[in-house]
Amino acid sequence: MERLPGGCRRLAVQLRLDLEPEAIWAVLTDYDRLSDFIPNLKTSRLLWRRDAVVGLEQEGSQRFMGMQFKARVQLELTEHPEEQTLSFVMLKGDFRRFEGAWKISRHDSGSSLLYELTVQGCVGMPIGLIEQRLQEDLAANLRAVQMEAHRRQNLS
């Protein structure tokens with residue numbers, strides 16, 4: 001995690017996976033089903049598609065320090081299948097800034113999945129208090145993608 005000016009945080013988490021990049025890509029781009037397997041993601045809905053650019057609405061929810069925390073975002077995602085990269089930027093939502101990318105790369109025994117996020121909370125959102133939670137959630141999200149890709153692989 002990197003602390004940036006103005007209450008911004010840049011986080012990155014990477015996992016090495018024993019999966020083909022195509023299997024991971026299929027899970028990441030199954031936009032309407034992401035909330036079925038990603039923890040704390042309550043809804044995920046594809047709003048529109050224009051070639052390799054999609055609009056997505058998501059709502060997350062979790063308990064933190066005894067309080068229920070919810071956040072909603074509308075994202076614009078750009079698919080780069082040849083580079084196995086999915087970049088996103090918030091169009092509107094409950095943050096001042098929310099952008100990043102999913103990146104898949106092939107290696108000898110499978111793939112690696114990198115998730116990068118730059119986030120800036122709204123006024124009054126204690127980003128310093130929730131930064132540890134953000135780190136834990138990012139790692140859990142990558143593990144959830146991994147588990148879903150394995151589950152689908154085992155079905156075929």
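Because the model is predicted, local features need pLDDT of at least 70 and side-chain atom pairs count only at pLDDT 80 or more, whereas totals for chains, interfaces and linings use all residues. Residues are numbered from 1 along each chain as its sequence is written, and side-chain values use heavy atoms, with hydrogens and water left out.

The chain contains 3 helices and 8 strands, where helices (H or I, at least four residues) and strands (E, at least two) are DSSP runs numbered from the N terminus. Along the sequence their order is β-β-α-α-β-β-β-β-β-β-α.

The C-alpha atoms occupy a box of roughly 45 × 30 × 30 Å along the principal axes. For 156 residues, a compact globule would have a radius of gyration near 15 Å, and the 15 Å of the chain agrees with this; the radius is taken over C-alpha atoms, and the globule rule is 2.2 Å times the number of residues to the power 0.38. Of the 156 residues, 46% are buried; buried means under 20% relative accessible area, exposed over 50%, and partly exposed in between (1.4 Å probe, protein chains only).

Most residues other than glycine have a negative phi. Asp 51, however, has a positive phi near 55 degrees; Asp 51 lies in the loop between β3 (41–50) and β4 (53–64) and is exposed, at 72% relative accessible area. Gln 84 likewise has a positive phi near 55 degrees. Gln 84 sits in the loop between β5 (67–80) and β6 (85–93), but counts as buried, at 15% relative accessibility.
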